[in-house]
Amino acid sequence: MSGPTAIVSACLLGVPCRHDGRDKRHEETLRALESRGLSIVPICPEVAGGLPIPRSAAFVEHSAATLPDDAAAGRGPLEGIRVIDRGGRDVTAELSRGAEQALEAARRFGATLAVLKQNSPSCGTRAVGGRDGRIAGEGVTARRLREAGLAVRGEDELAALRDDGGQQARRGGTRGAGTPW
Ligand code: SF4
């Protein structure tokens, strides 16, 4: 695979991999990726982590945003996030496995950007589902990829993918959270 590459939530591309067996195809995301000439690596971390379709919806019990500074507290990258499904089953291990698979795919294909589905306990970049509704925070995969140095955006943050982002990447530009995608 040559050129700039993005990891993308499979449901945004039209894959019916959500908990309810549906997709969340997002035309604006598809257009934005295409117009920047990005190669796409689709992934559904929850399915990659071993969960079926359909599956019980899950929520984040503690999000990164609600915790004190993880590094200062000496916690590892995924500590502090616990994900429970509506049946009461702890699915944190499956989501963590999925996050590792996403990171492995990002490394294998040299992805420097991830465009992920907002509000998901795996993919949310700024908000995730909590026990009583949406809460600020990031999902397990979003956090893993961001901490590994990828620029991570939700499908509702496409304005952050600056028009010159693809060109900079094609020129071998910078990567990571400061990348002006
Ligand atoms: S939001 Fe992420 S984990 Fe959920 S269905 Fe889409 S790709 Fe899979």
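1. Ligand shell. The shell consists of Ser9, Ala10, Cys11, Cys17, Arg18, Cys44, Pro45, Glu46, Lys117, Ser120, Ser122 and Cys123.

2. Basis of the model. This is a predicted model: local features need pLDDT of at least 70, side-chain atom pairs count only at pLDDT 80 or more, and totals for chains, interfaces and linings use all residues. Residues are numbered from 1 along each chain as its sequence is written.

3. Confidence. The mean pLDDT (the predictor's confidence in each residue, from 0 to 100) of the protein chain is 84. Of its residues, 77% reach 70 or more. Two residues are in contact if their C-beta atoms, placed from the backbone, lie within 7 Å.

4. Overall layout. The protein chain has five helices and eight strands. These are DSSP runs, numbered from the N terminus: helices are H or I with at least four residues, strands E with at least two. The order from the N terminus is β-α-β-α-β-β-α-β-β-β-α-β-α. Of contacts between residues at least 6 apart in sequence, 68% join residues at least 24 apart.

5. Burial and core. Buried residues make up 45% of the 181 residues in the protein chain. A residue is buried if 20 or more other C-beta atoms lie within 10 Å of its own, exposed if 12 or fewer, and partly exposed in between; C-beta atoms are placed from the backbone. The largest nonpolar core has 41 residues, and Ala6, Ile7, Ala114 and Leu145 have the most contacts inside it. α3 gives the most to this core, with five residues. Such a core is a set of buried Ala, Val, Leu, Ile, Met, Phe, Trp, Tyr and Cys residues joined through C-beta atoms within 7 Å. Leaving out residues up to four places away in sequence, alanine 6 touches Leu33, Leu38, Ile40, Ala111, Leu113, Ala114 and Val115.

6. Helix α3. Residues 92-109 form this helix of 18 residues. Its first and last C-alpha are 26 Å apart, close to the 26 Å expected at 1.5 Å a residue. The expected span is 1.5 Å times one less than the number of residues. Buried here are Glu94, Leu95, Ser96, Gly98, Ala99, Ala102, Leu103 and Ala106. Their cover includes β1 (5-9), β2 (39-43), α2 (45-48), β4 (82-85) and α4 (140-147). Glycine 110 follows α3, with a positive phi near 70°.

7. Valine 91. This residue sits in the loop between β4 and α3. Valine 91 counts as buried because 23 C-beta neighbours lie inside 10 Å. Beyond four places in sequence, its contacts are Leu51, Ala58, Val83 and Asp85. Alanine 58 is 33 residues away in sequence but 7.9 Å away in space, C-alpha to C-alpha.

8. Backbone points to check. The peptide bond from isoleucine 53 to proline 54 is cis, with omega near -5°. Proline 54 belongs to the loop between α2 and β3 (58-62). Asparagine 119 is not a glycine, yet has a positive phi of about 80°. Its loop runs between β5 (113-116) and β6 (127-130). Asparagine 119 counts as partly exposed because it has 18 C-beta neighbours inside 10 Å.

Conventions: A residue is near a molecule or strand if its C-beta atom, placed from the backbone, lies within 6 Å of it.
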